[in-house]
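Hi there,

Here is the structure I promised to pass on to you. Have a look at it first, and then read my notes below.

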Amino acid sequence: MRQLLIDELKDLYSAEKQIVRALPKLARATSTPELREALHTHLEETKNQVARLEQIAEMVSKKLSGKTCVGMKGVLEEGSEILEEMDKGTVRDAALIAACQRVEHYEMAGYGAAREFAKTLGLNDAAQLLDETLAEETNADKKLNMVSKQVNNLAKQAA
Ligand SMILES: [Fe+2]
């Protein structure tokens, strides 16, 4: 069970680092200021989430590097495809929001599972930190949902 938690943490660590690398490019590709702002805010949050995972790594005396989260790689690749396939504008923004929400949901699933593993193992401090990140991801998803209402309406007019 402890190994299962470590594996889950390694996966999340790789996922978060991939997101830190991908977000600036996605933010630059947007044309809605609110969306760009939301992605920049989440970039800063994500850096803090990486730091939280490193804190947990110290708690369990394990290194989290050396694994690639293939799932997140695929989700982010789909995000990059949007940049290649669509011109800049509100329709592309709508597609980018959908891609970013996939990222958030993928993370929410991972953090939810990891938090429960940590709880089961009695690692309450780790569970607490994972819960904080899970709340941030949930919030980021909600914010994207709100921005999407505005963007989708603009995209409808543009199309
Ligand atoms: Fe994250």
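**What I found**

Of the 159 residues in the protein chain, 36% count as buried. Please keep in mind that this is a predicted model.

Let's begin with the overall picture. Along the principal axes, its C-alpha atoms fill a box of roughly 55 × 25 × 20 Å. A compact globule with 159 residues would have a radius of gyration near 15 Å, and the 16 Å of the protein chain agrees with that. Among contacts between residues at least 6 apart in sequence, 78% join residues at least 24 apart.

Now for a pair of helices. How do α2 and α5 run relative to each other? The axes of helix α2 (residues 33–59) and helix α5 (residues 124–158) come within 10 Å and cross at roughly 170°. Angles over 145 degrees count as roughly antiparallel, and α2 and α5 are therefore roughly antiparallel to each other. By class, their contact has ten nonpolar, five polar and seven charged residues. Leu35, Ala38 and His42 are among the α2 residues there, and Leu129, Leu144 and Val147 are among those from α5.

Finally, look for Val147 in helix α5. Is Val147 buried or exposed? Val147 counts as buried, because it has 22 C-beta neighbours inside 10 Å. Beyond its neighbours within four places in sequence, Val147 is in contact with Glu34, Leu35, Ala38 and Ile97. Val147 and Ala94 are 53 residues apart in sequence, with 9.2 Å between their C-alpha atoms.

Enjoy exploring!

Key:
Residues numbered from 1 in each chain as written. Predicted model: local features only at pLDDT ≥ 70, side-chain atom pairs only at ≥ 80, totals over all residues. Axes fitted to C-alpha atoms, helices over the stretch in contact; angles between N-to-C directions. Helix = DSSP H or I, 4+ residues; strand = E, 2+ residues; numbered from the N terminus. Parallel < 35°, antiparallel > 145°, perpendicular 65-115°, else oblique. Contact = placed C-beta atoms within 7 Å. Nonpolar A, V, L, I, M, F, W, Y, C, P; charged D, E, K, R; others polar. Buried ≥ 20, exposed ≤ 12 C-beta atoms within 10 Å, placed from the backbone. Rg over C-alpha atoms; globule rule 2.2 N^0.38 Å.
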